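Me: I have a structure open and want to go through it with you. Can we take it piece by piece?

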Number of protein chains: 2
Amino acid sequence: VSSDQRASGSAEDRLIARYFGPLIKHPGALDLTDDAAVITPPPGFDLVLTTDGVISGVHFFPDDPPASVAKKALRANLSDLAAKGAAPLGFLLAIALPRDLDDAWLAAFAQGLGEDAEHYGCALLGGDTDRTPGLVSVSITALGLVPQGTMVRRSGAKAGDVVVVTGTIGDAALGLRLRRDPSVAQRWDLNTTLTEYLLDRYLLPQPRHVMAESLRRCASAAMDVSDGLVGDLAKLCRASRGTVDIMQASIPLSDAARKALVAEPALIETICSGGDDYEIIASVPPDKLEPLMAAARSASIPLTVLGCVSAGTGEVRLLDAQSRPLAFAQPSFSHF
Amino acid sequence: VSSDQRASGSAEDRLIARYFGPLIKHPGALDLTDDAAVITPPPGFDLVLTTDGVISGVHFFPDDPPASVAKKALRANLSDLAAKGAAPLGFLLAIALPRDLDDAWLAAFAQGLGEDAEHYGCALLGGDTDRTPGLVSVSITALGLVPQGTMVRRSGAKAGDVVVVTGTIGDAALGLRLRRDPSVAQRWDLNTTLTEYLLDRYLLPQPRHVMAESLRRCASAAMDVSDGLVGDLAKLCRASRGTVDIMQASIPLSDAARKALVAEPALIETICSGGDDYEIIASVPPDKLEPLMAAARSASIPLTVLGCVSAGTGEVRLLDAQSRPLAFAQPSFSHF
């Protein structure tokens, strides 16, 4: 056995060292050569834990750029952490790779993952790599930190709180429609720039991590919007025992989404229940609204008031211009 | 919307509540109805993190009992925690389910998982449930606790330390052979009891969690044996810059494995490099050997001395009765 072979171990060890070795920045990862990672939690903080994954053909297209697949998987978790007011600490990666996947795919995946780990300050701590007879699947468990007792929950909204949402809603769901059927771009009267914008919003979520701290200081409840605005807001309302009416006109739309909606008004259902937005909805006591708005402004993140919480049992009504409730066949994306 | 529908949310929420709701024992799981779990790490402890998963057709057979699949997935992680000297704290579950999987499968899976979570004191903290066009895949991230700075690493073995292993080696790999080709039972001269024993050792790992504390007090290095004794010990040796010679006769074998080996001596390679043992190898300074042996005895876990560490660069040699080194085609299980 040559010293080189001894140093590198099995093919699996070599694969991990080669592609994920460059991502090791946290000493607790133990160079990815131990059974487990170890971290010393800073005193006075709670640990926030979330897990989210992507599967080829379900959450992304097999021909998506591997770097985007990696980033989408990590960012879905970072979006959860942001909504809970948590600062990213690190993550563990479980990846299943089909035998016919070439090295270039994995190299690009690992590079994209490393870029995001660096950018968001969320270090790779450990992982599990398997071959699968099935499709590429990536599962990430992310850890975040909040000062003890301050994690923003879904259950804290009170009657009288204002409901706000970051960014724009529906772009990713429209981007998915465009991806599946490029001809709708013409029907929606979208030029190349607007089409690319929607496609990119589907491909690459933008977690609102810079809002985490101000959410922790201002929000009574929050969650990330990943399964559709109406259904996710209903989850927050159920957890908080509240009710919210939203005027359709108050939903923040991108220029692209607005054009598409004008061309095809029925798209309102796709926009409000399509999922993959990775924006944050939050309830805010009235006296905390201005500080939260100021934080969003200084971060250049749009923050829009959707409505007010009233006492109730979890109902969310979406009202049209005549204040008539809209009814959707499926208010929220569900895998089941 | 009826109050019942409001309370239960989407089909995905109902599925989670129905099957995994009964597993909620930890307040930090937030009833599995928030974006994330939250835990307050006890002061003075480090957090040990590991992730391990199972995929249908790779780590288990599609017709394995669903409760065993759940237990195997969790126990693979518990075995890592035990080897690191960590007490289980909780876990996150990511599961991908094919559309054609029936409810009975998931019900049995969740029940098995709940039994083990209870038995090993490792609470469900959160999860992610997806439909997949592929195969059942289960990924678990487990958290454990050790007093600060005391996690047992792979890298602490010193020249002069004694190498020990728990339990018996090779049973699961032989069980897998039996599972694939039941006719070998006759060739190996195994009766039903011995055959069932080996099959069960493949189906259901027995994590050595009761050894965690004494490993922390006595071992200079440790890891779990999941990819084959020789290859895994070589990993420990590489991390510790040591070398170990093992006499083949010193490897602890079950009655079933011994019978099989007598019938087919070439099985020594399967036994030593087959994987799925979920035993623990550890290096122990000579003065700590007796306390570790005593702990194993009082836990009724066999603990066997394999050899001694000498200075080196990670080589593990397996010697036959004439002290000749055996060479294996593949010393360690590798997915790649």
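**Notes on the model**

Reply: Starting with one residue, B:Ala257 is buried, because its relative accessible area is 0%; buried means under 20% relative accessible area, exposed over 50%, and partly exposed in between, with a 1.4 Å probe and protein chains only.

Me: Before going on, what kind of model is this?
Reply: This is a predicted model, in which local features need pLDDT of at least 70, side-chain atom pairs count only at pLDDT 80 or more, and totals for chains, interfaces and linings use all residues. Residues are numbered from 1 along each chain as its sequence is written, chains are lettered from A and ligands numbered from 1 in the order in which they are written, and side-chain values use heavy atoms, with hydrogens and water left out.

Me: OK, back to B:Ala257. Which helix holds B:Ala257?
Reply: Helix H10 of chain B, residues 255–263. Helices (H or I, at least four residues) and strands (E, at least two) are DSSP runs, numbered from the N terminus.

Me: And what does B:Ala257 touch?
Reply: Not counting residues up to four places away in sequence, B:Ala257 touches B:Asp171, B:Leu174, B:Leu198 and B:Ile271. Contact means heavy atoms within 4.5 Å.

Me: What about B:Ala83, buried or exposed?
Reply: B:Ala83 counts as buried, at 0% relative accessibility. B:Ala83 belongs to helix H3 of chain B. B:Arg216 is 133 residues from B:Ala83 in sequence and 8.8 Å from it in space, C-alpha to C-alpha.

Me: Where is B:Ser68?
Reply: B:Ser68 is in helix H3 of chain B, residues 66–83. B:Ser68 counts as buried at 11% relative accessibility. Leaving aside neighbours within four places in sequence, B:Ser68 is in contact with B:Leu203 and B:Leu204.

Me: Switching to helix packing. At what angle do H2 and H4 of chain B pack?
Reply: At about 50 degrees, with the axes of H2 (residues 11–20) and H4 (residues 103–119) of chain B 9 Å apart. Axes are lines fitted to C-alpha atoms, for helices over the stretch in contact, and angles run from 0 to 180 degrees between N-to-C directions. H2(B) and H4(B) are therefore oblique to each other; angles under 35 degrees count as roughly parallel, over 145 as roughly antiparallel, 65 to 115 as roughly perpendicular and the rest as oblique.

Me: Which residues make that contact?
Reply: From H2(B) they are B:Leu15, B:Arg18, B:Tyr19 and B:Phe20, and from H4(B) they are B:Asp103, B:Leu106, B:Ala107, B:Phe109, B:Ala110 and B:Leu113. By class, the contact of H2(B) with H4(B) has 8 nonpolar, no polar and 2 charged residues. Ala, Val, Leu, Ile, Met, Phe, Trp, Tyr, Cys and Pro count as nonpolar, Asp, Glu, Lys and Arg as charged, and the others, Gly among them, as polar.

Me: And in chain A, how do H7 and H10 sit?
Reply: H7 (residues 192–203) and H10 (residues 255–263) of chain A pack at about 105 degrees, with their axes 9 Å apart. H7(A) and H10(A) are therefore roughly perpendicular to each other. The contact joins A:Leu194, A:Tyr197 and A:Leu198 of H7(A) to A:Asp255, A:Ala256, A:Ala257 and A:Lys259 of H10(A). Those residues divide into 5 nonpolar, no polar and 2 charged.
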